[in-house]
Amino acid sequence: MSLSISVSGDLKTCFALRHQVFVEEQGVPVEEEQDDLDAAATHLLALQEGVPVGTARIVFRGNAAKIGRVCVLPSARGTGLGAKLVEAAVDAAQAHPGVTKAKLGAQIHALGFYEKLGFTAVGPVYDDAGIDHRDMVRDFT
């Protein structure tokens, strides 16, 4: 099975994947799913056998890279793709000059998933688009 994850300028496909997972599946309001950060973000696209199955974005601010909008289509879940997508985002963040840590806002049910990838939960639980989240960080030092 052929899998590729790379930086992509195909925002239409990335947005379509995010719409399917976040808006249609999870009920995130469509007006909250895309934001002003998308224009400057680095977007990753995962292709399985040439078919788009996942995406994530990275927003660089100072010494931190905020990984977000990580999503995998239902047909590709349970395959390890989500972990590979996050690791690809971490690799891209580490390659960016001056970046010393990755941050993300994890849905509560996914805390264990991100902990296995080296992230540590920090701060309180908060609501983001009607879904409980908690901030997580992974230092590169």
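Two strands pair if DSSP finds at least two bridges between them. Keep that in mind for this predicted model.

**Stop 1: a bridge.** Select Ser 4. Its bridge partner in S2 is Leu 47. Now show both strands: S1 and S2 run antiparallel to each other, paired over five bridges.

**Stop 2: the sheet.** Colour the strands. Seven of them form an open sheet with mixed pairing, in the order S1-S2-S3-S4-S5-S7-S6. Go to the edges, where strand S1 (3-7) and strand S6 (120-128) each have a single partner strand, so one side of each lacks a neighbour in the sheet. From one strand to the next, the twist averages 25 degrees.

**Stop 3: the helix on the sheet.** Select H3. The helix packs on the sheet and touches S1, S2, S3, S4 and strand S7 (131-139). Compare directions: H3 makes about 155 degrees with S4.

**Stop 4: the largest core.** Select Ile 67, Tyr 114, Phe 119 and Met 136. Of the 29 residues in the largest nonpolar core, these touch the most other members. Elements giving two or more residues here are strands S2 (42-48), S3 (51-61), S4 (64-72) and S5 (101-107), plus helices H3 (81-95) and H4 (111-116). H3 gives the most, with seven residues.

**Stop 5: Phe 119.** Which residues does Phe 119 touch, not counting those up to four places away in sequence? Show Ile 67, Val 86, Val 90, Ala 102, Leu 104, Tyr 114, Met 136, Val 137 and Arg 138.

**Stop 6: the second core.** Finish with Phe 22, Val 28, Leu 45 and Ile 131. They are among the nine residues of a second, separate core.

Key
Residues numbered from 1 in each chain as written. Predicted model: local features only at pLDDT ≥ 70, side-chain atom pairs only at ≥ 80, totals over all residues. Heavy atoms only, no water. Core = buried A, V, L, I, M, F, W, Y, C linked by side-chain atoms within 4.5 Å. Buried < 20%, exposed > 50% of the residue type's maximum accessible area, 1.4 Å probe, protein only. Helix = DSSP H or I, 4+ residues; strand = E, 2+ residues; numbered from the N terminus. Contact = heavy atoms within 4.5 Å. Axes fitted to C-alpha atoms, helices over the stretch in contact; angles between N-to-C directions.
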